[in-house]
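Hi,

Here is the structure I promised to pass on. Have a look at it first, and then read my notes below.

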Amino acid sequence: MSNSFQHGRPQLKRTISGSGFFCLAFGAMIGVGWITTLGSWLGNAGPLGAIAAFVAGGALMLSIGLCYAELTPMIPVTGGEVAYAYKSLGTRKAFLIGWFLAFGYLSVCAFEAVSIGIVLGYLFPVLDVIPLYQIHNFQVFLPHLVLAFLFTGFIGWINHRGVNVAMKVQIFLTALLLLCASLFIGAGIINGDISNLKPYLPTNGKSTMWAGFLQVFVMAPFWFVGFDTIPQAAEEHRSPELIKRLGLFIVIAIIGSTFFYVMIILAASLAVPWQDIVNPPSELDKKLPTAFAFRNALKSDLTTTLVLSTGLIGLLTSWNGFFIAGTRVLFSLGRGHILNPGFGKVHPKYGTPTKAILFGSIVTALGACMGKGALLAFVNVGSFCIAIAFLGVSISLLSLRRNEPQMHRPYKLPFGKTIAIIAALGSLFILVAMVVPKSPASLSFPLEWSILLILAISGVICWMFSRRVRNQVSEEERADLILMPHD
């Protein structure tokens with residue numbers, strides 16, 4: 001019997017090292033959004049408010065990450081949240097959380113697919129030609145779509161060839177990202193002026209301090225999501241000894257990404273007056289405000305190239321990380337016969353979830369067709385979907401603490417119940433803030449609500465049509481398929 005099929009249970013190859021797990025999480029968390037949306041962060045909250053929102057968001061993510069730190073080594077199987085929810089809440093809740101989480105991850109992939117054309121279009125303006133159509137008054141150009149499709153194919157291909165290939169790419173690119181980012185962040189701080197930070201909060205009357213803070217804070221699940229890529233791939237560890245350290249990698253990745261975002265905001269705001277970042281002189285600079293800030297501060301076009309190259313690297317690390325995570329969620333749902341078991345099939349040679357990878361590639365490519373006009377929609381709807389999963393993880397930990405106190409826990413979180421309640425309340429707050437009418441953070445109509453509604457309806461339809469598939473196995477068999485330890 002092959003390495004991919006033990007006890008009749010499809011299993012993925014074990015090849016991820018400790019450095020691979022860390023780079024998977026950190027690389028996924030640091031994408032390209034800090035280049036394309038810095039202007040909106042500062043415009044909503046000012047430098048102080050934006051920094052406070054990211055610190056608060058990082059603190060909330062840390063409380064959620066600590067829940068993962070207990071659950072991941074406790075149930076170290078592919079699919080993370082799907083397994084936790086199934087063990088504690090049952091099949092229906094596992095599907096609900098897995099469905100929204102998978103599409104939350106794939107919305108990040110779509111975000112990166114759109115961003116690849118924006119970043120390269122800034123470096124090579126010749127790409128901004130052959131307009132096809134508009135969404136939210138933003139043109140979708142043919143070369144941008146071609147780039148999105150090519151890179152989607154590349155990400156899908158390296159993941160099809162094996163997680164070992166994807167991890168080698170991830171480790172190399174994450175190291176390069178840190179090196180490049182340290183150069184321009186350091187230069188911005190050294191050459192900056194503290195007077196550029198004033199006023200510390202917006203004073204134009206368009207946004208109160210609280211509203212601006214909230215608008216940035218509710219995006220925290222989108223900007224910080226990535227640490228939870230580790231639970232998705234936990235079963236693919238190279239060595240059983242790594243299981244005990246998975247929680248540590250999660251915590252370090254959250255702290256590191258919080259520091260990264262704060263330093264980006266601070267360095268850019270020191271480099272030039274932050275109001276100039278919000279309202280740069282040209283339409284071209286509005287596309288990539290971070291590059292504008294560091295270019296003007298250091299008076300060098302090479303700085304723009306460095307910033308954009310770093311963003312391109314971060315885009316690829318984030319895209320690769322979330323693609324791995326999204327396909328693993330689909331794989332777990334398929335392996336457990338909650339969705340079509342085809343998603344749970346493993347390639348006999350490469351040990352990868354081929355059909356889940358193909359499906360993820362198709363969804364990403366379709367999302368890319370929505371263009372720049374859908375970027376903020378991907379952020380907000382993705383944040384909503386991921387916040388649902390975070391709420392589910394918090395509730396799962398509380399449930400397992402209460403109902404399964406005898407389960408082996410390689411790491412037991414101190415004050416676990418309190419931290420899980422904080423994580424649950426924080427996640428619930430974000431969800432409420434995004435659906436309450438007239439909330440400064442509410443989802444916009446019609447685009448964002450339409451995307452969410454389509455996702456919800458398609459989930460209901462998929463659940464109904466998967467009934468026959470679910471009935472093919474008993475709950476005892478499903479528990480073995482989802483929860484059986486890898487070793």
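This is a predicted model: local features need pLDDT of at least 70, side-chain atom pairs count only at pLDDT 80 or more; totals for chains, interfaces and linings use all residues.

Let me start with the aromatics. There are 24 aromatic pairs in the structure. Take Phe111 and Trp223, which pair edge-to-face, with 6.2 Å from centre to centre and 80° between the planes. The pair ties together distant parts of the chain, since Phe111 belongs to helix α5 (residues 91-123) and Trp223 to helix α9 (residues 220-224), 112 residues apart. Phe111 and Trp223 are both buried.

Phe227 and Phe390 make a stacked pair instead, 5.6 Å centre to centre with 20° between the planes.

A ring with a charge over it turns up at Trp463, where the charged end of Arg470 sits 3.5 Å from the ring centre.

Now the helices. Helix α4 (residues 81-89) and α5 have axes that come within 7 Å and cross at roughly 160°. Angles over 145 degrees count as roughly antiparallel, which is why α4 and α5 are described that way. The crossing of α4 past α5 is right-handed. On the α4 side the contact is made by Glu81, Val82, Ala85, Tyr86 and Leu89, and on the α5 side by Thr91, Lys93, Ala94, Ile97, Gly98, Leu101 and Tyr105.

α4 also packs with α21, at an angle of about 145° and with the axes 10 Å apart. That crossing of α4 and α21 is left-handed. Ala83, Tyr86 and Lys87 of α4 make the contact with Glu475, Arg478, Ala479, Ile482 and Leu483 of α21. Note that Tyr86 is listed in the contact with α5 and also in the contact with α21.

Helix α8 (residues 209-217) is worth a look for its buried residues: Ala211, Gly212, Phe213, Leu214, Val216 and Phe217. Their cover includes α3 (38-74), α9 and α18 (416-435).

Finally, two single residues. Is Ser318 buried or exposed? Ser318 sits in helix α15 (residues 301-335), and it counts as buried because its relative accessibility is 1%. Setting aside neighbours within four places in sequence, Ser318 is in contact with Gly27, Ala28, Ile30, Gly31, Val108 and Glu112.

Asp480 is in helix α21 (residues 475-483). Its relative accessibility is 40%, so Asp480 counts as partly exposed. The C-alpha atoms of Asp480 and Gly336 are separated by 8.4 Å, although the two residues are 144 residues apart along the chain.

Cheers

Technical notes: Residues are numbered from 1 along each chain as its sequence is written. Side-chain values use heavy atoms; hydrogens and water are left out. Rings of Phe, Tyr and Trp (its six-membered ring) pair if their centres lie within 6.5 Å; planes under 30 degrees apart count as stacked, over 60 as edge-to-face and the rest as tilted. Helices (H or I, at least four residues) and strands (E, at least two) are DSSP runs, numbered from the N terminus. Buried means under 20% relative accessible area, exposed over 50%, partly exposed in between (1.4 Å probe, protein chains only). A charge sits over a ring if NZ of Lys or CZ of Arg is within 6 Å of the ring centre and within 35 degrees of the ring normal. Axes are lines fitted to C-alpha atoms, for helices over the stretch in contact, and angles run from 0 to 180 degrees between N-to-C directions. Angles under 35 degrees count as roughly parallel, over 145 as roughly antiparallel, 65 to 115 as roughly perpendicular and the rest as oblique. A crossing is left-handed if the near helix is turned anticlockwise from the far one by less than a right angle, and right-handed if clockwise. Contact means heavy atoms within 4.5 Å.
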